[in-house]
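Colleague: I have a model open and would like to go through part of it with you. Could we take it step by step?

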Amino acid sequence: MNDKASVSKELNAKHAKILEGLLKLPENRECADCRGRAPRWASINLGIFICLQCSGIHRSLGVHISKVRSTTLDTWLPEQISFMQCVGNEKSNNYWEADLSASVDRSDIGKFIRTKYQDKKWASRYNPQPGLSDMIGETSDFGGKADVPRKARKYSLEEDVFSIQPPQVPTTTRSRGVSLDTMDEFLNLPPKNGLMSAPSVKHKEDTQDLFSLLYAPEGNQDRTIVPPSRWATFEFVF
């Protein structure tokens, strides 16, 4: 699906009004490159406003360096508008022309633009190129805080990310042990009552036979007294 198809007429009119306001700012009233003509075009990945002549040279650089859009004819996406709000000619040139000498000749504007953006001859060696990070928390006189989709920006402390409840993780209770009854059910064992055998009942006759083996009757007991080998004698002294 084409992203531009999702831009309604009302949103497109709002974007056109924002771009018109940005072009009225002092830093955007002249072309970012030739500095001599009023800009009606823009490079949406460099964040600059340029004139018609310079826009043709930017197109020759390739879209990996510069993507050109008309401020009045093309349909703009919200993130593109936000990027232009947060960068602009002044901030962009602070990076791309950081080491540019005032004596540099701009008469051959084609060569100047290729040297500036393709060769990066005068780009800053200490500051990063203005990019998507500049849209976070930035404000503008035309539209307030940059309206950047959530998927294209990082969260800050001002975001409502902290209000989102974390997913609830079900708590599991660890078993402290398995009862014997539960183990019996798990092993499909018969109930304990079935395991216990009925107490044996001793009959009177069995008892008599048992005692008859342990104890002999008196008549059969041997009463013979075996005397010692010799009797000890005692002398009584008076």
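This is a predicted model: local features need pLDDT of at least 70, side-chain atom pairs count only at pLDDT 80 or more; totals for chains, interfaces and linings use all residues.

Colleague: What do the buried residues of helix 1 pack against?

Modeller: Helix 1 has 15 residues and reaches 21 Å from its first C-alpha to its last. Its buried residues are H15, I18, L19, G21, L22 and L23. They pack against strand 2 (48–50) and helix 3.

Colleague: Are helix 1 and helix 3 roughly parallel or roughly antiparallel to each other?

Modeller: The axes of helix 1 (residues 9–23) and helix 3 (residues 78–86) come within 11 Å and cross at roughly 15 degrees. Angles under 35 degrees count as roughly parallel. The two helices, helix 1 and helix 3, are therefore roughly parallel.

Colleague: How many nonpolar, polar and charged residues does the contact of helix 1 with helix 3 have?

Modeller: On the helix 1 side, the residues are L11, H15, I18, L19 and L22. They meet P78, I81, M84 and Q85 in helix 3. By class, the contact has 7 nonpolar, 2 polar and no charged residues.

Colleague: Is the crossing of helix 1 and helix 3 left-handed or right-handed?

Modeller: The angle between the axes of these helices is roughly 15 degrees. The crossing of helix 1 and helix 3 is left-handed.

Terms used:
Residues are numbered from 1 along each chain as its sequence is written. Side-chain values use heavy atoms; hydrogens and water are left out. Axes are lines fitted to C-alpha atoms, for helices over the stretch in contact, and angles run from 0 to 180 degrees between N-to-C directions. Helices (H or I, at least four residues) and strands (E, at least two) are DSSP runs, numbered from the N terminus. Angles under 35 degrees count as roughly parallel, over 145 as roughly antiparallel, 65 to 115 as roughly perpendicular and the rest as oblique. A crossing is left-handed if the near helix is turned anticlockwise from the far one by less than a right angle, and right-handed if clockwise. Contact means heavy atoms within 4.5 Å. Ala, Val, Leu, Ile, Met, Phe, Trp, Tyr, Cys and Pro count as nonpolar, Asp, Glu, Lys and Arg as charged, and the others, Gly among them, as polar. The expected span of a helix is 1.5 Å times one less than its number of residues. Buried means under 20% relative accessible area, exposed over 50%, partly exposed in between (1.4 Å probe, protein chains only).
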